[in-house]
Amino acid sequence: MPRKGKIAAEDISPELEDRGLFRTYGGPVAVEMIPQLNRLSATNLIVRGFFEKETEIAVVFAGRRARETGPLEAHLRWVDSRVRQAAVASRRPVPPVEFMRLPVQIKGSWRKQFFQDDEGNETRTYQLVAGRWAFSGQDGTLQQFGEPPACDISTRNRPKSYILRPREIDAVQVRHDRDEGPG
């Protein structure tokens, strides 16, 4: 039985869930995910990644969207396996996990977090809460998952410059060099 004042997970509507997750909604944002995943519970998955090649971020898949991450998790494990196999085959050391990157297009909402250490120094980290995401599968086909927020983001009280209308991911299939032939 849930505690007083708490709502059971199965009683949370998509609108209520999304109202807590998305203050804004925009993108797509190009992120390079690495095969470092942390499943906090059955309802949350956090994947480490990089934005603009160098800025480390955490991509959060929360609530009902976390149930759709199976193909992404499998593809990240496949990327890790392929890199390791190639290193062994070429008799080279396995590169650090930071070099095993999967390009993913994400539509969602940014969050900033501040942490203060014992000496009073602040560290800022970034999270990208994913609403929709797309990546090229092992066979090169575009795979899209998730859904836009179920609540009306445009009714939030914030400056107009932050009002973005939910749209489907505008991702296009990535062509690999091996796909391009002469002519």
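1. Glu73 and Arg39 form a salt bridge, with 2.6 Å between the closest N and O atoms. The pair ties together distant parts of the chain, 34 residues apart: Glu73 belongs to helix α2 (residues 70-89) and Arg39 to strand β1. Glu73 is buried, at 15% relative accessibility, while Arg39 is partly exposed, at 36%. The model is a predicted one.

2. Strand β1 (residues 26-41) also carries Glu32, whose partner Lys53 sits in the loop between β2 (44-51) and β3 (55-62), 21 residues apart from Glu32. Their side chains meet in a salt bridge at 3.1 Å, N to O. Lys53 has 56% relative accessibility and counts as exposed because the cut-off for that class is over 50%. Glu32 has a relative accessible area of 16% and is buried.

3. Within helix α2, Asp80 and Arg84 are 4 residues apart, about one turn of the helix. Their side chains form a salt bridge of 3.0 Å, N to O. Arg84 is partly exposed, with 39% relative accessibility.

4. The structure has 7 salt bridges. Side chains of opposite charge can pair when their charged atoms come close.

5. On the overall fold, the protein chain contains 2 helices and 6 strands, in the order α-β-β-β-α-β-β-β along the sequence. Of the contacts between residues at least 6 apart in sequence, 60% join residues at least 24 apart.

6. Of the 183 residues in the protein chain, 36% are buried. The chain exposes about 11900 Å², and carbon and sulfur atoms account for 49% of that area.

Technical notes: Residues are numbered from 1 along each chain as its sequence is written. This is a predicted model: local features need pLDDT of at least 70, side-chain atom pairs count only at pLDDT 80 or more; totals for chains, interfaces and linings use all residues. Side-chain values use heavy atoms; hydrogens and water are left out. Buried means under 20% relative accessible area, exposed over 50%, partly exposed in between (1.4 Å probe, protein chains only). Contact means heavy atoms within 4.5 Å. Accessible areas come from the Shrake-Rupley method with a 1.4 Å probe; for residues, only the protein chains shown count as cover. A salt bridge is a side-chain nitrogen of Lys or Arg within 4 Å of a carboxyl oxygen of Asp or Glu.
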